[in-house]
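These are my notebook entries on one structure. I looked up how its parts are arranged and which residues meet.

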Amino acid sequence: MSSVLYKFENSVAVLVLNRPESLNAISTELIDDLSEALRRAKNDKARALILTGEGRAFSAGGDIRQMREIAQREGKIEAFLDEPLKKLHKVVEELDNLPFPTIAVLKGIAAGAGGTLAIACNFVIAEVSSSINFAFVKIGLSPDCGTTFFLPRIVGYRKALELLFLGNTLSAEEAFKLGIVNKLVEDGKAMEEAAILASILAEGPTASFAKIKYLISESFKNNLKEQLEREAEMQLESGRSNDFKEGI
């Protein structure tokens with residue numbers, strides 16, 4: 001059984017982390033299956049993507065049990081944090097670089113790298129009883145999976161330090177107030193809400209969405225002059241598109 005379920009319908013790809021017995025903990029198998037599912041979404045020419053978890057959680061983060069097994073086999077405690085982590089980081093890049101909007105649907109806990117997979121998506125819709133943490137310090141680790149990239153950009157420098165130093169769990173309402181979550185919904189309603197949003201996005205100008213994602217990413221390293229140049233380039237490209245002609 002695949003550790004990531006894949007469904008494609010009406011130009012929307014739905015990816016479901018499928019290890020409910022371990023709260024969708026991130027194993028080496030899940031890393032490989034998630035990478036393959038992201039490639040399928042691109043090959044299917046998806047126009048929006050939903051990422052969620054099966055069962056009671058989004059993801060409890062790295063699979064501690066498998067970390068122990070790999071450590072015993074390799075004879076070093078940090079073995080999982082070498083090659084498997086590099087592959088997981090590649091998956092985070094693949095997710096961030098998708099040329100269409102992505103939506104994370106949170107129910108239950110999204111912890112550690114599981115929380116980061118959620119905030120790596122462009123939208124986060126959370127059920128009111130869900131929660132999120134980046135509690136790497138609770139097991140003596142520094143953050144991974146782009147946590148220190150995404151989190152300060154969402155909540156700001158000082159709040160990111162607080163969340164990462166203390167490792168406290170945030171309720172869905174607290175995460176919403178900080179801007180980590182875009183929308184709060186009743187329990188059992190998040191997938192329905194995500195499907196509505198994905199449908200709206202899938203009917204939109206996908207090329208424009210891709211350029212918006214690129215431009216916002218570039219804005220964090222460019223000065224104003226450089227960013228204006230990138231905007232001019234992207235808008236000129238957009239101006240040649242059928243979407244622009246239709247919009248006019």
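**Entry 1: a helix pair**

I began with two helices and found that H9 and H10 are roughly antiparallel to each other. The model I examined is predicted. I noted that the axes of helix H9 (residues 206–219) and helix H10 (residues 224–239) cross at roughly 170° and come within 10 Å. I then looked up the residues that make the contact. On H9 they are Lys211, Tyr214, Leu215, Glu218 and Ser219, and on H10 they are Gln227, Arg230, Glu231, Met234, Glu237 and Ser238.

**Entry 2: the sheet of six strands**

In what order do the 6 strands of the open sheet stand? I read the order as E1-E2-E3-E4-E6-E9, with mixed pairing. Strand E1 (4–9) and strand E9 (183–185) are at the edges; each has a single partner strand, so one side of each has no neighbour in the sheet. I recorded an average twist of 20° from one strand to the next.

Strand E4 (residues 102–106) and strand E6 (residues 123–127) run parallel and are joined by 4 bridges. I found that Ile103 has Phe123 in E6 as its bridge partner.

I also asked which helix lies across E4, E6 and E9. Helix H8 (residues 190–202) does, and H8 also lies across strand E2 (12–17) and strand E3 (48–53). I noted that H8 runs at about 165° to E3.

**Entry 3: the sheet of three strands**

I found an open sheet of 3 strands in the order E5-E7-E8, again with mixed pairing. Its edge strands, E5 (109–111) and E8 (170–171), each pair on one side only. Between E5 and strand E7 (residues 131–133), which run parallel, I recorded 3 bridges. Ala111 stands opposite Asn133 in E7.

**Entry 4: the two sides of H2**

Which residues of helix H2 (residues 64–74) are buried? I listed Gln66, Met67, Ile70 and Ala71. They lie on the same side of H2, because they cover an arc of only 140° around the axis. The buried residues pack against helix H1 (28–43). On the other side of H2, I found Arg65, Arg68, Gln72 and Arg73 exposed.

I then looked at where H2 starts and what follows it. At the start of H2, a side-chain oxygen of Asp63 comes to within 3.1 Å of the backbone nitrogen of Arg65. Just after H2, Gly75 has a positive phi of about 75°.

Is Gln66 buried or exposed? Its relative accessibility is 16%. Buried means under 20%, so I counted Gln66 as buried. Leaving out residues up to four places away in sequence, I found that Gln66 touches Ser27, Thr28 and Phe80.

I finished with Ser35, which lies in helix H1. Ser35 has a relative accessible area of 9% and is therefore buried. Its side chain and that of Arg39 are joined by a polar contact of 2.9 Å. With residues up to four places away in sequence again left out, Ser35 touches Val91 and Glu94.

Notes. Residues are numbered from 1 along each chain as its sequence is written. This is a predicted model: local features need pLDDT of at least 70, side-chain atom pairs count only at pLDDT 80 or more; totals for chains, interfaces and linings use all residues. Side-chain values use heavy atoms; hydrogens and water are left out. Two strands pair if DSSP finds at least two bridges between them. Axes are lines fitted to C-alpha atoms, for helices over the stretch in contact, and angles run from 0 to 180 degrees between N-to-C directions. Contact means heavy atoms within 4.5 Å. Buried means under 20% relative accessible area, exposed over 50%, partly exposed in between (1.4 Å probe, protein chains only). The arc is that of the directions from the helix axis to the C-beta atoms. A polar contact is a pair of N or O atoms within 3.5 Å; within protein, one must be able to donate a hydrogen and the other to accept it, and residues adjacent in sequence count only if both atoms are side-chain atoms. Angles under 35 degrees count as roughly parallel, over 145 as roughly antiparallel, 65 to 115 as roughly perpendicular and the rest as oblique.
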